[in-house]
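Have the model open while you read.

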Amino acid sequence: METVRIQDDLYTYVNQATLDQLVIPDDMPMAGGFAALSTDVEKLMIGELNTMCAEGAYPNEHLARACKLYALAKDVKRKKKHGIKPALKHLAVLKKIATLRSYNLHASELLLKGIAMPIQIAVEPNMKDTTHHCVMVQGPSVILPDASYYAEGREQQKEMLLNLWTGFAKQVLAIAGHSEEEIENLLKDTLAFDAVLAKHVKTREEWSEYTKMYNPMRTGRVAGMVKPLNLKKLLTDLFGFVPEEIIVAEPRYFKNFKEVFNADTFEMYKNWAYVVTLMDSCSLLSEELRDLGGGFRRAMSGIAANSVPEKFAYQLVSSMYSEPIGLYYGEKYFGEEAKKDITEIVKQIVATYQKRIATNDILEQATKDKAILKLSTMGLKLAYPDRVEDIYSKLVFDEKKSLFDIVASLRKIRMEDNFAKLNKEVDRSHWAMPGHMVNACYDPFVNDITFPAAILQPPFYSIHQTRSENLGGIGAVIGHEISHAFDSNGAKCDELGNLNNWWTKADERKFNKKVNAMIKQFDGIELPWGTVNGKFTVSENIADNGGMAVTLDIMSSSEGVSFEEYFANWAKVWCQKAKPEYQALLLQVDVHGPNYLRANMPPRNFPEWYETFKVKKSDGMYLAPSKRVVIW
């Protein structure tokens, strides 16, 4: 095999040997990188839950309930005994609703049951006043992974995928006892309603500009837009009163709501709600139904086989009792020495970021002052929280019930808890991710970064790795999350997380010019599985760029460091082998760029890359100086 030069392809040079050895498990779409760490944590915690269940010894009440749910979720015989009946009983309310008047009487019940609705309602921090909550409304999801699949010119692909989904749905509806004629009518209405939704709901690209979700409107105005749905009654049933204002996340959808939901489409809507809710329920029913219900998702991702019951049970429990499990993992498997070390790395990166902004010769002083203020007030959530939130004490269930009924009851408790937050101040101590999750994030509306314990391990981080490796791994990822405070979305929020334009007009123009340059750098790149959308991925690409800029700055001012080790570990953390179907799906639904490009694109913008490996114009990873972009 021809040897790849690092100057031509950093990602392949560093990862080829690993990629050749990686085998994608039958029940997964990818292997390596984040997936490998997640699998290791999963195996570890499955072992912990099995031991707790076997010994009947639980560290606390939360894990006691988690273990009981885990045991029920992997009990194949018990689930087979209940079969599809729990879901059909749950959905029976739809048959009782013959008129729009009757629908409005039952709307809150449907919503709390998790039955598909023409609108979704949630309580979220108010983007203009993030210390308080607001009611936010948006439309439902379409059957395919994104509304972009329904776009003009993609008719053949859309039809093929909907036929695939319909094949699984027919089998589920047959198990539910429907005749061929009934199944035909149910699916005809479901696909027709889905087609109407697809014309008006947002695409993932539109959702990626999340600050555009903030469209406050008087409730009376929105109520008029969604007639014949009685919004004021629904809000009263959920909150005990009608808020004066609500936030409309999808204005286009609500502007066209009367086309979606009216007397003529009502029966069509009911059949859609029945079918899509039943399909979404399959994972909680028998193994046969879990297999059918997940068939479309597996096909879209190139996954060969369904996960085993034990793995499914863990993933379910991990989502329902995420914080108690994460806290247990963090306390047991993440040491204080590592927590202290990672805290120092984060503080150094923040300080270096402040220095870079202070010495920036492009921005005006007023903009720099605001940016530094935002950095100085940024919250740091590292490894795991100090305590479990109160909601977990409410997540109690009746073990005699079916798995479906148990999960439905827990989801209802969570929903009611969310609605109860409307009149409470925002809890800024809330962790966006649990300790056992291999990931990290920045919350723009709180202005904090979260780094769970599970990501703080090799190749991202280890107290046994060199400083250069840690800076190229977790250091750059920390810088990435900090940079989200100043990406194309985060830059619109101030130090408190409020939507607030703190830029001078001249600086805003200069910033937007750089954002456009970043879009152009990625847009239209052809890969074997599709074309990269530079606008869709721009916020993440800005963050990768910022993460590399700040850590290379630290490297340049440090003694005894190795840029070779830095760039090698940067490429190593993105190592991933994935199914082509999954890669194609990610291009449509994931705001992050493909791992191959995340490894290979950012280095080209920095002189350290060219100096370290003597990269010349004739090399594959050379980028002309005029096309190089450094934003932060």
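Helix H26 (residues 538-556) and helix H27 (residues 563-573) pack with their axes 11 Å apart, at an angle of about 160°. That makes H26 roughly antiparallel to H27. Keep in mind that this is a predicted model, where local features need pLDDT of at least 70, side-chain atom pairs count only at pLDDT 80 or more, and totals for chains, interfaces and linings use all residues. Residues are numbered from 1 along each chain as its sequence is written, and side-chain values use heavy atoms, with hydrogens and water left out.

**How the terms work for helices**
- Helices are DSSP runs of H or I with at least four residues, numbered from the N terminus.
- Axes are lines fitted to C-alpha atoms, for helices over the stretch in contact, and angles run from 0 to 180 degrees between N-to-C directions.
- Angles under 35 degrees count as roughly parallel, over 145 as roughly antiparallel, 65 to 115 as roughly perpendicular, and the rest as oblique.

**H26 against H27**
- H26 passes H27 in a right-handed crossing (the near helix is turned clockwise from the far one by less than a right angle).
- On the H26 side, the contact (heavy atoms within 4.5 Å) uses Asp-544, Gly-547, Met-548, Thr-551, Leu-552, Met-555 and Ser-556, and these meet Phe-563, Tyr-566, Phe-567 and Trp-570 in H27.
- Sorted by class, the residues of this contact come out as 7 nonpolar, 3 polar and 1 charged (Ala, Val, Leu, Ile, Met, Phe, Trp, Tyr, Cys and Pro count as nonpolar, Asp, Glu, Lys and Arg as charged, and the others, Gly among them, as polar).

**H20 against H21**
- Helix H20 (residues 336-358) and helix H21 (residues 365-376) have axes that come within 9 Å and cross at roughly 175°.
- So H20 is roughly antiparallel to H21.
- H20 brings Val-350, Tyr-353, Gln-354, Ile-357 and Ala-358 to the contact, while H21 brings Lys-368, Ala-371, Ile-372, Leu-375 and Ser-376.

**H2 against H3**
- Helix H2 (residues 33-55) packs on helix H3 (residues 61-73) at an angle of about 95°, with the axes 10 Å apart.
- H2 and H3 are therefore roughly perpendicular to each other.
- Ile-46, Leu-49, Asn-50, Met-52 and Cys-53 of H2 make the contact with Leu-63, Cys-67 and Tyr-70 of H3.
- The H2 and H3 contact has 7 nonpolar residues, 1 polar and no charged.

**Thr-219**
- Thr-219 sits in helix H11 (residues 219-225) and counts as buried at 2% relative accessibility (buried means under 20% relative accessible area, exposed over 50%, partly exposed in between, with a 1.4 Å probe and protein chains only).
- The Thr-219 side chain reaches the backbone oxygen of Pro-243 at 2.4 Å.
- Neighbours within four places in sequence aside, Thr-219 is in contact with Leu-235, Val-242, Pro-243, Glu-244, Glu-245 and Ile-246.

**After helix H30**
- Val-615 is found in the segment after H30, and at 9% relative accessibility Val-615 is buried.
- Val-615 and Gln-7 are 608 residues apart along the chain, yet their C-alpha atoms are separated by 5.7 Å.
- Beyond four places in sequence, Val-615 is in contact with Gln-7, Trp-609, Tyr-610, Met-621 and Tyr-622.
- Ser-626 also lies in the segment after helix H30 (607-613), but Ser-626 is exposed, with a relative accessible area of 71%.
- The C-alpha atoms of Ser-626 and Asn-605 are separated by 10.0 Å, with the two residues 21 apart along the chain.

Definitions and conventions
Helices (H or I, at least four residues) and strands (E, at least two) are DSSP runs, numbered from the N terminus. A polar contact is a pair of N or O atoms within 3.5 Å; within protein, one must be able to donate a hydrogen and the other to accept it, and residues adjacent in sequence count only if both atoms are side-chain atoms.
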